[in-house]
Amino acid sequence: MATIIDVPEEKAIQVNNFEFTYAGVSEPNLKNITMPIAKNKVTALIGPSGCGKTTLLRSFNRMHDLYPGNTYNGEILFEGRNILAEKEDMIKLRTQIGMIFQKPTAFPMSIYDNVAYGMRLKGIKNKTELNDRVEKALKDAAIWKETSDRLKDDANGLSGGQQQRLCIARAIAVEPEVLLFDEPTSALDPISTQGIEKLIIELKEKVSILIVTHNMQQAARVSDYTGFMYLGDLVELGRTEELFVTPSEKLTEEYITGKFG
Amino acid sequence: MTHTEKRIIINKIVMMLSSLSAAVGIAFLLWILTILIINGIDAINWNIFAFEGAPPGYEESGLKHALIGQAMLIGVSTLIGVPLGILAGTYLSEYGGLTSRLANIVRDISDIMMSAPSIVIGSFVYAIFVAPFGHFSGWAGIVALTIIMIPIILRTTDDMLQLVPTALREAGFALGAPKYKVIMQVVLRGAKTGILTGVLLGVARVSGETAPLLFTSFNDNFLNTDLSEPIASLTVTMFNYATSPYEDWQKLGWAAAFILSMFILSLNILGRLLLIKRKKK
């Protein structure tokens, strides 16, 4: 019954009949989800608390593998392979599909070392290359001006909004194909939120973006496509302006007009 | 008397009783410290650091042997106990977690070990490390002190690592870091002040141990740096000198008590300061 449009653009990811079950649960928490994620576009996932949007997001970089007993079914196609396959290399996958968390997660080290962290993991040791790429990542994340004269300072001295942009710089420094944002502004003030939203729109030139948000206005502001989830189902996926103005599903309409959720 | 008046009076009584109890505790502590400082400072002089033990009545008598012995016992126990404690604590928090049966059993056992009388640990080491070799040794003392130190450091490390937000670990994994790198570079780093506090408190705790050393490293009234032989420690020396009938030995006992207390006090204060610094962040 779900209304899922197909996207005209090239696809970064295609999800087919995906199901996910948390450890110790008998019914799947995500049910039969099929959706495309368009390349170089922003796709937002909205829905009431507990609908499974974060669970779905965390499947794309297989974060659920960190905890035992969770099971995936179906397929998530990325660059021609099913990333749910047994033989998928987590380290490679996670450098291709990066993630930004709800709360800023600056590591307890300097600003420079934070941004260089992922590149060093990839084995980049050349000082000049590291310097150049750290600078570029900080510029792309719109935080270079505030940090260029204190790269050696502890990253925990930055404000929440700055830390979140630092985390974005850290994620884009390894040049991923896809970035996953898990409610990236829910711990931030309105001005920082505006900055992050602007950044997300700019970043889509280089990466494909999937963002989970509690805030429908935010989805409307930043995304090209929006998916509405409810109780583990993807109810509707459509172009953002259409989904918010003329939703096809009654449930979507009720949610965006504030009848529940 | 109205209900409100009654409540006010009861409130005052409870407050007075608890303030009084607190005052009694603090008074005894201050009393001990005062006596210790008065007698200790009086007994401290250059000879203490320059000379080894000597028979009563000798002018050139000091604590050099005990200070060096103590430093060796504590130093080597710390070198062995700290890495073992931190690694075991890391296992509990990062590999075992709160749901693992094995990890919880280790947690319970180390809690029991922490409150085990140290004399029991001393006699255990005597049975396995002194009796079979036929003589006391510095190494036996080190084994006893290490056994006492490990559970303290292990539990603090475990607790401090669990305070590191899960999101920080996930952020490490999300960048493609393997687990050992997330643990070494992100989690342990994030908890380092807390762990250092645990280490300081662990060292402070074993520094004051006497009973397990009586059974293991025993004592030597002269300077010895060979750990396979009995070796002097401040605590056992203090015990011997303080219980002796000679006034000059008793004075040395006061000096040992003073030095030991100041050392432990500064470790504790340093630990507290680190904790405060950590909270401010």
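**Reading a helix, a core and a contact**

Tutor: Welcome! This is a predicted model. Let's start with helix α6 of chain B, residues 138–162: its 25 residues reach 36 Å from the first C-alpha to the last, close to the 36 Å expected at 1.5 Å a residue.

Student: Where does α6(B) bend, and by about how much?

Tutor: Look at M149(B), where α6(B) bends by about 25°. A proline, P151(B), follows within four residues.

Student: Is α6(B) mostly covered or mostly exposed, and how many of its residues are buried?

Tutor: Mostly covered: 23 of the 25 residues in α6(B) are buried.

Student: How do I think about which residues of a helix point the same way?

Tutor: The general idea is that an α-helix has 3.6 residues a turn, so residues three or four places apart point the same way.

Student: Why is L73(B) called buried?

Tutor: Count the neighbours. A residue is buried if 20 or more other C-beta atoms lie within 10 Å of its own. L73(B) counts as buried because 28 other C-beta atoms are within 10 Å.

Student: Which residues is L73(B) in contact with, leaving aside neighbours within four places in sequence?

Tutor: G138(B), G141(B), I142(B), L145(B), S217(B), I231(B) and S233(B).

Student: Which residues touch the most other members of the largest nonpolar core?

Tutor: In that core of 143 residues, they are A169(A) and A256(B). The element giving the most to this core is α6(B), with 15 residues. As for A169(A), leaving aside neighbours within four places in sequence, its contacts are V115(A), A137(A), L138(A), D140(A), A141(A) and I143(A).

Student: How many residues of chain B are in contact with chain A?

Tutor: 14 residues of chain B, and they meet 20 residues of chain A. On the chain B side, α7 (166–174) and α8 (179–190) are the elements that give two or more residues. The largest share, six residues, comes from α7(B). By class, this side of chain B has nine nonpolar, two polar and three charged residues.

Student: What domains is chain B divided into?

Tutor: Domain 1 covers 3–43 and domain 2 covers 50–280. Their centres, taken over C-alpha atoms, are separated by 31 Å. Four residues from domain 1 and seven residues from domain 2 make the contact. The domain 1 side has two nonpolar, two polar and no charged residues.

Conventions:
Residues numbered from 1 in each chain as written. Chains lettered and ligands numbered in written order. Predicted model: local features only at pLDDT ≥ 70, side-chain atom pairs only at ≥ 80, totals over all residues. Contact = placed C-beta atoms within 7 Å. Nonpolar A, V, L, I, M, F, W, Y, C, P; charged D, E, K, R; others polar. Expected span 1.5 Å × (residues − 1). Bend = angle between axes of the 7 residues up to and from the residue. Buried ≥ 20, exposed ≤ 12 C-beta atoms within 10 Å, placed from the backbone. Domains from an automatic or database assignment. Core = buried A, V, L, I, M, F, W, Y, C linked by C-beta atoms within 7 Å.
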